Amino acid sequence: MDKPEFWKNNKRYYDLKSYWRNLFGCTVHKLQIDAGFTCPNRDGQVAAGGCIYCDGRGSKLRQSGILPSVADQIASGKKYYKPAASQFVAYFQTFTNTYAPVEKLRALYDEALAQDDVIGLAIGTRPDCVDPEVADLLAGYARTSHVWVELGLQSVHDRTLAFINRGHDYAQFREAVGRLAGRGLNICVHIIVGLPGESDKDVLATAQTLAALPVQGIKIHSLLALDGTPLGELYKQGALAMITKEKYASLTADVLELLPPEMVIQRLTADGYRDIFLAPAWAANKLDVLNAIHKELEKRDSYQGKHYHQAAASASERQ
Ligand code: SF4
C-alpha cells in the first residue's frame with residue numbers, strides 16, 4: 001500500500017488539520033473550554049485520587065476566579081486565530097465534560113454552537129460517563145453539527161487500567177463505543193505509550209484493538225511524571241522507569257503503522273505544566289518528539305496504515 005493521496009499533506013500520518021481542511025475546505029481550530037465540570041474519579045463518585053498521572057490542572061486554573069461563560073471563552077479564544085481561521089470547534093476539555101445532568105449539558109453545548117463560526121463540538125469525557133441519555137444528546141447534535149466525542153482509555157488492558165487507577169475497565173469503554181458508534185458522531189480515543197508494566201506487545205495490542213473498532217480518531221501521548229501526582233511520587237522514589245525518546249518514537253511509529261489510514265491522528269505528544277514537570281525531560285520539547293517520530297517513519301519508508309490491512313487479515317484468520 002502506498003501513502004494515501006486523500007491525506008493531501010506532507011506528513012506520514014493523517015493529521016487533524018489536514019482532515020478538517022479536506023472536509024471543510026478551510027482551516028479549522030479547536031477552542032479550549034473549561035465549563036466547570038468535575039471528574040467522578042477525583043470527586044469520590046468513582047474514586048478520590050484520580051488517575052495516577054492526573055495533575056488536576058482544571059482545578060488549578062479555576063483558583064484564579066469565577067469561570068468566564070462559554071460564549072466569553074469562545075470569544076477570547078477566537079482572538080488568537082482570526083482572521084486566519086474561518087471555522088472553529090468548541091472543545092470542552094477540562095475534566096469530564098458529560099458529568100452533569102443532560103439539561104445542563106444541553107445548555108452548555110447549545111451556548112457554544114450559537115457562537116459565530118462555531119461549526120462543531122469536541123467533548124472530552126470518560127467511558128463510564130456516557131450513559132444512553134448522554135449518547136442520545138450527543139447523537140442529536142451530530143445531525144446538524146460536526147461532533148467529536150473524546151474518550152480517555154489509555155490502554156485496553158484491565159491490569160494497566162487498575163494500576164493507573166482509571167476507575168473503569170475496558171468493558172465499560174466498549175459499552176460507551178457501542179452507544180456512540182454509527183450515529184454520525186466521531187469517536188476519538190486517548191492512549192498512552194510507555195505505561196508502567198506494559199510490554200511492546202501490550203501497546204501494539206491496544207493499537208490493533210482500536211484499529212478494529214468504529215473509532216475515527218486517536219490521541220497518542222507519552223507518559224509524564226508530574227510533581228504532586230502519585231506517578232510523580234513513584235518517579236521521585238526511583239520506582240518508575242520512563243520510556244526514552246527513541247523508544248517512544250519507535251513504538252509510536254509501530255502503532256501508527258497498525259492504524260487504519262482513515263483514522264485521524266489528533267495528537268502525538270503530551271502536555272504538562274512546566275512548573276510541576278518531572279520527567280521525561282525529552283517530552284518537554286514537543287517539536288523534537290514529532291521530528292523523532294517523523295524520522296523513524298522516514299527511516300522505515302513507512303507511514304500510518306502501512307501494516308493495517310495485513311494486521312487486520314491476521315486478526316480475522318485467528319477468529
Ligand atoms: S479521568 Fe481525567 S480528569 Fe479524571 S482523574 Fe483521570 S485524568 Fe484526571
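The shell around the ligand in this predicted model divides into 4 nonpolar, 4 polar and 2 charged residues. Its members are Cys39, Asn41, Arg42, Gly50, Cys51, Cys54, Phe95, Thr96, Arg126 and Gly152.

The nonpolar core comes next. The largest one holds 90 residues, and among these Ala90 and Leu121 touch the most other members. Helix H10, residues 245–258, supplies the largest share of this core, with 7 residues. Leaving aside residues up to four places away in sequence, Leu121 touches Val89, Ala90, Phe92, Tyr109, Ala112, Leu113, Tyr141, Ser145 and Val147.

One of those contacts of Leu121, Tyr141, is also a buried residue of helix H5, which spans residues 132–142. Viewed down the axis of H5, the buried residues fall within an arc of 50 degrees, so they line one face of the helix. An α-helix has 3.6 residues a turn, so residues three or four places apart point the same way. The buried residues of H5 pack against helix H4 (102–113), strand S3 (118–125), strand S4 (146–154) and helix H7 (170–180). On the face turned away from the buried side, H5 carries the exposed residues Pro132 and Asp136.

Ser69 sits in the loop between helix H2 (57–62) and helix H3 (70–79). Ser69 and Asp34 are 35 residues apart in sequence, and their C-alpha atoms are 9.0 Å apart in space.

Definitions and conventions
Residues numbered from 1 in each chain as written. Predicted model: local features only at pLDDT ≥ 70, side-chain atom pairs only at ≥ 80, totals over all residues. Near = placed C-beta within 6 Å. Nonpolar A, V, L, I, M, F, W, Y, C, P; charged D, E, K, R; others polar. Buried ≥ 20, exposed ≤ 12 C-beta atoms within 10 Å, placed from the backbone. Helix = DSSP H or I, 4+ residues; strand = E, 2+ residues; numbered from the N terminus. Arc of directions from axis to C-beta. Contact = placed C-beta atoms within 7 Å. Core = buried A, V, L, I, M, F, W, Y, C linked by C-beta atoms within 7 Å.
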